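Grab the model and work through these exercises. Try each task before you read its solution.

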Amino acid sequence: MGKIIAIANQKGGVGKTTTAVNLAASLGVLEKKVLLIDADPQANATSGLGIDVETVENGTYQLLEHTVPALELIIKTDSPNLDIIPAHIDLVAIEIELVDKDQREYMMREAVVPLKEVYDYIIIDCAPSLGLLTLNALTASDSVLIPIQCEYFALEGLGKLLNTIKSIQKIHNDQLDIEGLLLTMYDSRLRFLTKLLKK
Ligand SMILES: Nc1ncnc2c1ncn2[C@@H]1O[C@H](COP(=O)(O)OP(=O)(O)OP(=O)(O)O)[C@@H](O)[C@H]1O
Ligand SMILES: [Mg+2]
(Lines give C-alpha, C1' and ligand atoms only; values in the text may rest on other atoms or scores of the structure.)
(Ligands and ions follow the chains in the order given, each with its own letter.)
Protein backbone atom coordinates (compact mmCIF):
# COMPACT_ATOMS: atom_id res chain seq x y z
CA MET A 1 0.00 0.00 0.00
CA GLY A 2 1.54 3.30 -1.09
CA LYS A 3 1.93 6.57 0.77
CA ILE A 4 0.68 9.97 -0.36
CA ILE A 5 2.88 12.95 0.57
CA ALA A 6 1.86 16.56 -0.14
CA ILE A 7 4.63 19.14 -0.48
CA ALA A 8 2.98 22.32 0.75
CA ASN A 9 3.61 25.85 1.95
CA GLN A 10 1.43 28.78 0.93
CA LYS A 11 4.53 30.95 0.70
CA GLY A 12 5.80 31.18 -2.87
CA GLY A 13 9.24 30.23 -4.11
CA VAL A 14 10.38 28.27 -1.05
CA GLY A 15 11.41 25.12 -2.92
CA LYS A 16 8.19 23.05 -3.04
CA THR A 17 8.51 22.04 -6.68
CA THR A 18 12.27 21.51 -6.47
CA THR A 19 11.69 19.24 -3.46
CA ALA A 20 8.77 17.41 -5.10
CA VAL A 21 10.61 16.72 -8.37
CA ASN A 22 13.90 15.69 -6.73
CA LEU A 23 12.26 13.56 -4.04
CA ALA A 24 10.07 11.82 -6.63
CA ALA A 25 13.00 11.23 -9.02
CA SER A 26 15.25 9.97 -6.19
CA LEU A 27 12.65 7.50 -4.94
CA GLY A 28 12.26 6.31 -8.54
CA VAL A 29 16.01 5.70 -8.80
CA LEU A 30 15.71 3.68 -5.58
CA GLU A 31 13.32 1.43 -7.54
CA LYS A 32 10.16 2.68 -5.85
CA LYS A 33 7.18 3.18 -8.11
CA VAL A 34 6.39 6.89 -7.91
CA LEU A 35 3.61 9.15 -9.17
CA LEU A 36 4.02 12.92 -9.05
CA ILE A 37 0.81 14.95 -9.17
CA ASP A 38 1.23 18.55 -10.28
CA ALA A 39 -1.39 20.46 -8.28
CA ASP A 40 -0.17 23.93 -9.24
CA PRO A 41 -1.51 25.87 -12.26
CA GLN A 42 2.03 27.22 -12.79
CA ALA A 43 2.82 23.63 -13.93
CA ASN A 44 6.47 23.89 -12.89
CA ALA A 45 6.71 20.22 -11.89
CA THR A 46 5.26 19.25 -15.29
CA SER A 47 7.76 21.31 -17.27
CA GLY A 48 10.51 20.38 -14.79
CA LEU A 49 10.06 16.75 -15.83
CA GLY A 50 10.49 17.65 -19.47
CA ILE A 51 6.84 17.78 -20.53
CA ASP A 52 5.78 20.58 -22.85
CA VAL A 53 2.90 22.17 -20.89
CA GLU A 54 1.33 23.43 -24.15
CA THR A 55 0.73 19.82 -25.20
CA VAL A 56 -1.06 18.87 -21.97
CA GLU A 57 -4.74 18.22 -22.71
CA ASN A 58 -5.81 16.33 -19.62
CA GLY A 59 -4.32 16.33 -16.15
CA THR A 60 -4.98 17.42 -12.57
CA TYR A 61 -8.02 19.48 -13.63
CA GLN A 62 -9.80 16.38 -14.96
CA LEU A 63 -8.58 14.39 -11.93
CA LEU A 64 -10.34 16.83 -9.60
CA GLU A 65 -13.46 17.08 -11.76
CA HIS A 66 -13.69 13.27 -12.07
CA THR A 67 -14.25 13.65 -15.82
CA VAL A 68 -11.38 11.31 -16.85
CA PRO A 69 -10.33 8.20 -14.84
CA ALA A 70 -7.07 8.80 -12.93
CA LEU A 71 -5.26 5.92 -14.67
CA GLU A 72 -5.89 7.58 -18.06
CA LEU A 73 -4.26 10.83 -16.90
CA ILE A 74 -0.90 9.28 -16.08
CA ILE A 75 2.10 10.07 -18.31
CA LYS A 76 5.43 8.22 -18.16
CA THR A 77 8.51 10.41 -17.69
CA ASP A 78 12.12 9.85 -18.81
CA SER A 79 13.09 9.38 -15.16
CA PRO A 80 13.09 5.72 -14.03
CA ASN A 81 9.92 4.50 -12.26
CA LEU A 82 8.45 8.01 -12.25
CA ASP A 83 5.06 8.88 -13.72
CA ILE A 84 3.22 12.20 -13.57
CA ILE A 85 -0.28 13.59 -13.70
CA PRO A 86 0.50 16.92 -15.34
CA ALA A 87 -0.96 20.38 -14.81
CA HIS A 88 -1.92 23.11 -17.21
CA ILE A 89 -2.62 26.79 -16.59
CA ASP A 90 -6.37 25.97 -16.93
CA LEU A 91 -6.11 24.37 -13.50
CA VAL A 92 -6.49 27.87 -12.09
CA ALA A 93 -10.23 27.61 -12.85
CA ILE A 94 -10.73 24.51 -10.69
CA GLU A 95 -11.22 26.55 -7.51
CA ILE A 96 -14.33 28.14 -9.05
CA GLU A 97 -15.55 24.87 -10.57
CA LEU A 98 -15.36 23.02 -7.26
CA VAL A 99 -16.82 25.65 -5.02
CA ASP A 100 -20.46 24.53 -5.45
CA LYS A 101 -19.75 20.81 -5.09
CA ASP A 102 -20.81 19.09 -1.84
CA GLN A 103 -17.67 16.95 -1.75
CA ARG A 104 -15.36 19.76 -2.87
CA GLU A 105 -12.54 18.98 -0.40
CA TYR A 106 -12.63 15.24 -1.17
CA MET A 107 -12.41 15.20 -4.98
CA MET A 108 -8.66 14.48 -5.07
CA ARG A 109 -8.86 11.90 -2.28
CA GLU A 110 -11.57 9.91 -4.10
CA ALA A 111 -9.58 9.89 -7.34
CA VAL A 112 -6.10 9.29 -5.92
CA VAL A 113 -6.44 6.90 -2.96
CA PRO A 114 -7.11 3.88 -5.29
CA LEU A 115 -3.73 4.59 -6.95
CA LYS A 116 -2.02 3.62 -3.67
CA GLU A 117 -2.46 0.04 -4.91
CA VAL A 118 -0.28 0.86 -7.93
CA TYR A 119 2.42 3.20 -6.54
CA ASP A 120 4.78 3.07 -3.54
CA TYR A 121 4.76 6.87 -3.29
CA ILE A 122 2.43 9.55 -4.61
CA ILE A 123 3.94 13.02 -4.25
CA ILE A 124 1.70 16.08 -4.68
CA ASP A 125 3.33 19.38 -5.60
CA CYS A 126 1.03 22.08 -4.17
CA ALA A 127 0.48 25.65 -5.33
CA PRO A 128 1.53 28.60 -3.15
CA SER A 129 -1.93 29.10 -1.67
CA LEU A 130 -4.24 27.61 0.92
CA GLY A 131 -7.17 27.46 -1.51
CA LEU A 132 -9.32 24.49 -2.49
CA LEU A 133 -6.56 22.91 -4.58
CA THR A 134 -4.23 22.67 -1.58
CA LEU A 135 -7.11 21.65 0.74
CA ASN A 136 -7.84 18.79 -1.68
CA ALA A 137 -4.18 17.72 -1.65
CA LEU A 138 -3.97 17.77 2.16
CA THR A 139 -7.27 15.92 2.53
CA ALA A 140 -5.97 13.21 0.18
CA SER A 141 -2.55 12.82 1.83
CA ASP A 142 -1.04 10.61 4.52
CA SER A 143 1.50 13.28 5.35
CA VAL A 144 2.66 16.77 4.48
CA LEU A 145 6.25 17.87 3.97
CA ILE A 146 6.75 21.61 4.47
CA PRO A 147 9.72 23.25 2.77
CA ILE A 148 10.74 26.41 4.62
CA GLN A 149 13.18 28.90 3.24
CA CYS A 150 15.87 29.82 5.76
CA GLU A 151 14.88 33.45 6.23
CA TYR A 152 13.04 35.41 8.92
CA PHE A 153 9.67 36.07 7.21
CA ALA A 154 9.26 32.36 6.47
CA LEU A 155 8.22 31.86 10.08
CA GLU A 156 5.35 34.34 9.88
CA GLY A 157 3.40 32.22 7.39
CA LEU A 158 4.21 28.96 9.15
CA GLY A 159 1.68 29.53 11.97
CA LYS A 160 -1.12 29.96 9.45
CA LEU A 161 -0.13 26.79 7.62
CA LEU A 162 0.04 24.78 10.85
CA ASN A 163 -3.42 26.06 11.85
CA THR A 164 -4.78 25.02 8.45
CA ILE A 165 -3.24 21.57 8.88
CA LYS A 166 -4.81 21.29 12.36
CA SER A 167 -8.26 22.14 11.04
CA ILE A 168 -7.88 19.67 8.14
CA GLN A 169 -6.90 16.99 10.68
CA LYS A 170 -10.01 17.83 12.68
CA ILE A 171 -12.54 18.12 9.86
CA HIS A 172 -11.38 16.28 6.74
CA ASN A 173 -8.44 13.96 7.38
CA ASP A 174 -7.53 12.75 10.87
CA GLN A 175 -4.77 10.54 9.36
CA LEU A 176 -2.73 13.51 8.12
CA ASP A 177 0.77 13.56 9.67
CA ILE A 178 3.42 16.23 9.39
CA GLU A 179 6.27 14.41 7.64
CA GLY A 180 8.65 17.22 8.57
CA LEU A 181 9.78 20.77 8.06
CA LEU A 182 12.45 20.89 5.37
CA LEU A 183 14.79 23.86 5.59
CA THR A 184 15.72 25.03 2.10
CA MET A 185 18.18 27.45 0.52
CA TYR A 186 20.38 27.68 3.59
CA ASP A 187 23.11 30.21 2.94
CA SER A 188 26.20 29.58 5.06
CA ARG A 189 27.44 33.12 4.30
CA LEU A 190 24.62 34.42 6.56
CA ARG A 191 26.03 32.49 9.54
CA PHE A 192 29.44 33.95 8.78
CA LEU A 193 27.89 37.43 8.57
CA THR A 194 26.02 36.99 11.89
CA LYS A 195 29.29 35.97 13.55
CA LEU A 196 31.03 39.03 12.12
CA LEU A 197 28.24 41.35 13.33
CA LYS A 198 28.41 39.88 16.85
CA LYS A 199 32.12 40.72 17.10
N1 LIG B 1 17.98 24.45 -2.35
C2 LIG B 1 17.95 25.45 -3.25
N3 LIG B 1 19.01 26.26 -3.40
C4 LIG B 1 18.98 27.27 -4.28
N5 LIG B 1 17.92 27.56 -5.08
C6 LIG B 1 16.85 26.79 -4.99
C7 LIG B 1 16.79 25.69 -4.05
N8 LIG B 1 15.57 25.12 -4.16
C9 LIG B 1 14.90 25.82 -5.10
N10 LIG B 1 15.68 26.80 -5.60
C11 LIG B 1 15.29 27.78 -6.63
O12 LIG B 1 14.35 28.65 -6.05
C13 LIG B 1 13.30 28.95 -6.98
C14 LIG B 1 11.96 28.56 -6.39
O15 LIG B 1 11.94 27.16 -6.21
P16 LIG B 1 10.63 26.31 -6.47
O17 LIG B 1 10.03 26.65 -7.79
O18 LIG B 1 10.98 24.89 -6.19
O19 LIG B 1 9.73 26.90 -5.31
P20 LIG B 1 8.17 26.69 -5.11
O21 LIG B 1 7.93 26.78 -3.64
O22 LIG B 1 7.70 25.50 -5.82
O23 LIG B 1 7.61 27.99 -5.84
P24 LIG B 1 6.05 28.30 -6.08
O25 LIG B 1 5.52 28.69 -4.75
O26 LIG B 1 6.07 29.43 -7.07
O27 LIG B 1 5.43 27.06 -6.61
C28 LIG B 1 13.62 28.20 -8.24
O29 LIG B 1 14.25 29.08 -9.13
C30 LIG B 1 14.58 27.10 -7.80
O31 LIG B 1 15.47 26.75 -8.82
MG1 LIG C 1 6.15 25.30 -7.22
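A crossover counts as right-handed if, with the strands pointing away from the viewer, the path from the first strand over the helix to the second runs clockwise. Helices (H or I, at least four residues) and strands (E, at least two) are DSSP runs, numbered from the N terminus. This is a predicted model, where local features need pLDDT of at least 70. Residues are numbered from 1 along each chain as its sequence is written.

**Exercise 1.** Work out which unit E6, H7 and E7 make.

*Solution.* Start with the pairing, which takes at least two DSSP bridges between two strands. Seven bridges join E6 to E7 (residues 177-184), and the two run parallel. Ile 148, for instance, sits opposite Leu 183 in E7, and Gln 149 faces Thr 184.

**Exercise 2.** Is Cys 126 buried or exposed?

*Solution.* Buried means under 20% relative accessible area, exposed over 50%, partly exposed in between (1.4 Å probe, protein chains only). Cys 126 comes out at 1%, so it's buried. Cys 150, at 25%, is partly exposed. Strand E6 (residues 143-149) has six of its seven residues buried, so the rest of the structure largely encloses it.

Methods: Chains lettered and ligands numbered in written order. Predicted model: local features only at pLDDT ≥ 70, side-chain atom pairs only at ≥ 80, totals over all residues. Heavy atoms only, no water.
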